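Here is a short report on a predicted model. It takes the ligand surroundings, then a strand, then the record annotations.

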Amino acid sequence: MATVLAIETSCDETAVAIVNNRLLRSSIIASQIPVHSRYGGVVPEVASRQHLETINEAIAQAMEQAQLDWGEIDGIAATCAPGLVGALLVGLTAAKTLAMLHNKPFLGVHHLEGHIYATYLSEPTLEPPFLSLLVSGGHTSLIYVNDCGDYKTLGETRDDAAGEAFDKVARLLQLGYPGGPIIDRLAQQGNPQAFSLPEGKVSLPSGGYHPYDASFSGLKTAVLRLVQQLEKQQQPVPVKDVAASFQDTVARSLTKRAIACALNHGLDTIAVGGGVAANSGLRQHLQTAAAAHNLRVLFPPLKFCTDNAAMIGCAAADHLNRGHTSPLTLSVQSRLGL
Ligand code: KG4
Ligand code: ZN
């Protein structure tokens, strides 16, 4: 029964958590969003520096919140890939140092495996197999979860991630960063049928379309053209209707693929994760479609969907319980498949 201190610094959250298997003992998340929003997106160099300035205090706070001493910690984990290299290095180096200092097993965790494990924090009795739909700023994946460490990616985005598409469309509508929550709020006051936008299908060499892969860059370009056309005609851009039509297209596209993937693989549960899991349109479409097909869909609370260290700890605990560890020579990688 592993109690793990875990660190997550792959992007713009400095996060430290302590979990006892699937039970959360403490969680600290220092968000850098206010720092990056003035640049309209994450600046890697700024992110690394912020992690460095925050990490020690976050570790101390996580230990204090859990009211544990180092003797009660069974292992130290950190995200090792994928992500911003300089940002990842801060967390991984801190974890290695703690492991050496306190003579504990060390484990590097794949960021996406962490997102998969986030569901267990709110659904501790969940057991594989299930389908994981990961929709974040960096990823859009459909993953068959067969067991701890046994994953098969069945669908991906061929270009922009879902959250990235929200952020880019928000930027072209001059709405601010991060765009997802802003578009979501505006979309709820707009007409999703106001504009017909292309869903973005991925063609197969053999003909037809890939059933699970998605593409969002064409949709983003279509929104850009629509806005340019309206401006050329000197018409005001109906931002709420554009947001609603865009969001509806993304939600329908993700829902269709996730439902088909679950049904075709005989899975009865879809566990959603990543920041876009907060999206009201996606929640609505997916819940309705899942109910119609007798599927269970799990949306963990947002604090476990967006980047956090509890999910990394939860994955690490499962691995440590199975005797898995990483060498202290493990390095970070900006890109790495699951
Ligand atoms: O999982 P996350 O915190 O970080 C990554 O691993 O990328 O996801 C952040 C992404 C951002 O692109 C943000 O715009 C999007 O999640 N997001 C949303 C919503 N809340 C956050 N997208 C759509 N609707 C939302 N309500
Ligand atoms: Zn993430």
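## Ligand shell

The shell around ligand 1 holds 20 residues. Of these, G137, G163, G180, G275 and T306 come nearest. By class, 10 residues of the shell are polar, 6 are nonpolar and 4 are charged.

Two helices each supply at least two residues of this shell: helix 5 (162–172) and helix 6 (179–187). Domain 1 (3–118 + 306–321) gives residues to the shell, and domain 2 (128–299) does too, so ligand 1 lies between the two domains.

## Strand 9 and its burial

Strand 9 covers residues 269–273. How many of its 5 residues are buried? The count is 5 of 5, so the strand is largely enclosed by the rest of the structure.

In a regular strand, side chains alternate between the two faces of the sheet. In strand 9, T269, A271 and G273 point one way. I270 and V272 point the other way. Residues on both sides are buried.

Which strands pair with strand 9? One partner is strand 6 (residues 130–135), which runs parallel to strand 9 and is joined to it by 4 bridges. Here L134 has G273 of strand 9 as its bridge partner.

Strand 10 (residues 296–298) also pairs with strand 9 in the parallel sense, over 3 bridges. In this pairing, I270 has V297 of strand 10 as its bridge partner.

## Annotated binding site

An unreviewed UniProt entry places the feature "binding site" at H111, H115 and D307. These positions are spread over 197 residues of sequence. In space they cluster, with a largest C-alpha distance of 9.0 Å.

H111 is found in helix 4 (residues 111–122). Is H111 buried or exposed? It has 25 C-beta neighbours inside 10 Å, and a residue counts as buried at 20 or more, so H111 is buried.

## Annotated domain

The unreviewed UniProt entry also places the feature "domain: Gcp-like" at residues 25–313. The end C-alpha atoms of this span lie 10 Å apart.

Note on methods. Residues numbered from 1 in each chain as written. Chains lettered and ligands numbered in written order. Predicted model: local features only at pLDDT ≥ 70, side-chain atom pairs only at ≥ 80, totals over all residues. Near = placed C-beta within 6 Å. Nonpolar A, V, L, I, M, F, W, Y, C, P; charged D, E, K, R; others polar. Domains from an automatic or database assignment. Buried ≥ 20, exposed ≤ 12 C-beta atoms within 10 Å, placed from the backbone. Pairing = 2+ DSSP bridges. UniProt positions renumbered as here; feature names shortened; annotations may be inferred.
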